[in-house]
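Open the structure in your viewer and keep the selection tool at hand.

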Amino acid sequence: MKRHLLAIAIAIAIPLALAGCGRENPNASLESRGKATAGAETSTGGSRKGDFGPPQGEPIEAILTSPPLVPPATGRDYPAKVVVNLEVREVDLEISEGVTYTFWTFGGTVPGSFIRVRQGDTVEFHLNNHPDSKMPHNIDLHGVTGPGGGASSTFTAPGHSSQFTFKALNAGLYVYHCATAPVGMHVANGMYGLILVEPPEGMPPVDKEFYVMQGDFYTTTKYREKGHAPFDMQRAIDENATYVLFNGSESALTGDNAITASVGETVRLYVGNGGPNLVSSFHLIGEIFDKVWFEGGTRYQENVQTTLIPAGGAAIADFHLEVPGSYVLVDHSLFRAFNKGALGILKVDGPENLEIYSGKEIDAVYLGDKAASMEPVATAAAASAAGTLTLDDQVKAGQALFAGTCSTCHQPDGKGMAGVFPPLAQSDYLAKGNAELINVVLNGLSGPVTVNGQDYNSVMPPMSQLTDDEVANILTYTLNSWGNPGGRVTKDEVTKVRAGTERSEGAAH
């Protein structure tokens, strides 16, 4: 009988104990609740937990920021009514140096304005389509519970406004985008952004927050071809992107626009992928993400090198800075980074820590032509269009381009690498004439070659992605540097050589 009663007691006690262990502490912080643990059964969210009652206090006008800036934390412990006013504008902006594109935008920028609210907030959303727009637009916010994420309520003609209200029931980082047909075209033209729905306790504090969003763009023109670049529907359907960019432009996060921080600070990146087609392999060269809230949700992974962000998805990445230098943001599908523009720079100042990192940073290896100002390139392009291009214009533009295209192998001083890459400084190979030099740049050079009496046997890949004026300027800079005899290469000479070069279908040209 005693054994029977003991068995009953154990049968009752075990489920009660397990239920107690599985119950989540309602006062637990995001830090303790968010950590992804194998086999964890506790729930950290869901729309049924996100309704904290009616809004309290007076309505609040949402602070919207342009990338890469992020609005301040809400700092509230109660739900509020938050009013969001977002304007659609169709604007011509620079997508690359000397290249313009007609972007369709939320707030005049690509990506659109960053929106920040708190879980449980009631959001009164106003979408205003500027009278100068040529197209109707709407908005689908992935953080909305309701048909179309708001798209069915916000179809807005030029010069009109639409309004709808939703309750932010789920915490997380969410993409928003236009969903007017043809949806892919509207998104491909830059109509996307991020909305952060903070958990009730807020995000863990950090020193700096930045807003970065990737997108793929499709043009009838070639990569970096100067002038206006029209949208190409067939390339978009074929998913053959001309540009893959952070924040809508090659220069958005480089040069003077690089984001900045200091040693000892913790940085948070809110990263989205507008697509419309390509998945992002997001990576920060020289750093490891301490935490990544994957897929924009409430769980995080630790010690992450590269995180996948699907089209229409997002992630939150935190990392602490130990040593100074230039850190490069890339899509680690690397041809997108170095040949289509998916590259940004985080500049970190502060004291060296040789115990953590000892060595010489070589910007040219990673940064390409983003390490230096590209203003001379734009100056030369404008002068060429006006018919006033000078030798000095070409040399200065060529120097800026050489730093990102050629200096890794041939070295910044043109001396090359002994036994590997031949020198350009005081090189007798330059006497072969402009046409031969142009041909080498466009088509590459493989196999034995003798320069200044020394034999070399390596590979120079074709640089046919360079435009005709870029090739002319690089070669002109080379001819007039490091004790070389001088000379000048023109855009017309490059055009002639390129036109006379046979290429297989699909090759760079």
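Select residues 301-304, which form strand 17, and pick out Asn303 within that strand. Keep in mind throughout that this is a predicted model. What is the phi of Asn303? The angle is near 60°, a positive value in a residue that is not glycine. Most residues other than glycine have a negative phi, and most peptide bonds are trans.

The next two stops concern peptide bonds. Select Gly275 and Pro276: the bond that joins them is cis, with omega at about 20°. To place Pro276, show strand 14 (266-275) and strand 15 (280-285); the residue is in the loop between them.

Now go to Pro67 and Pro68. They too are joined by a cis peptide bond, and here omega is about 10°. Pro68 belongs to the loop that runs between strand 1 (60-61) and strand 2 (81-96).

Move on to the helices. Two packed helices are described by the angle between their axes and the distance between the axes. Select residues 434-443 for helix 10 and residues 468-479 for helix 11; their axes come within 11 Å and cross at roughly 120°. That makes helix 10 oblique to helix 11. The crossing of these two helices is right-handed.

Which residues meet here? Show the side chains of Asn434, Leu437, Ile438, Val441 and Leu442 on helix 10, then those of Val471, Leu475 and Leu479 on helix 11. Sorted by class, this contact has seven nonpolar residues, one polar and no charged.

Helix 11 passes helix 12 in a right-handed crossing. On the helix 11 side, the contact is made by Asp468, Asp469, Val471 and Ala472; on the helix 12 side, by Lys491, Val494, Thr495 and Arg498. By class, the contact of helix 11 with helix 12 has three nonpolar, one polar and four charged residues. Val471 takes part in the contact with helix 10 and in the contact with helix 12.

For the last stop, look inside. How many cavities of 30 Å³ or more does a search of the whole structure find? The search finds one, and the volume of the largest cavity is about 50 Å³. Select Gly172, Pro199, Met203, Gly297 and Thr298, which lie nearest the centre of this cavity, among the eleven residues that line it. The lining divides into eight nonpolar residues, three polar and no charged.

Conventions
Residues numbered from 1 in each chain as written. Predicted model: local features only at pLDDT ≥ 70, side-chain atom pairs only at ≥ 80, totals over all residues. Heavy atoms only, no water. 1 Å grid on protein atoms, 1.4 Å probe; cavity = no way out; pocket = protein on both sides within 12 Å on 5 of 7 lines; lining within 4 Å. Points joined across faces, edges and corners; volume = space filled by probe spheres on them. Nonpolar A, V, L, I, M, F, W, Y, C, P; charged D, E, K, R; others polar. Axes fitted to C-alpha atoms, helices over the stretch in contact; angles between N-to-C directions. Helix = DSSP H or I, 4+ residues; strand = E, 2+ residues; numbered from the N terminus. Parallel < 35°, antiparallel > 145°, perpendicular 65-115°, else oblique. Left-handed = near helix turned anticlockwise from the far one by under 90°. Contact = heavy atoms within 4.5 Å.
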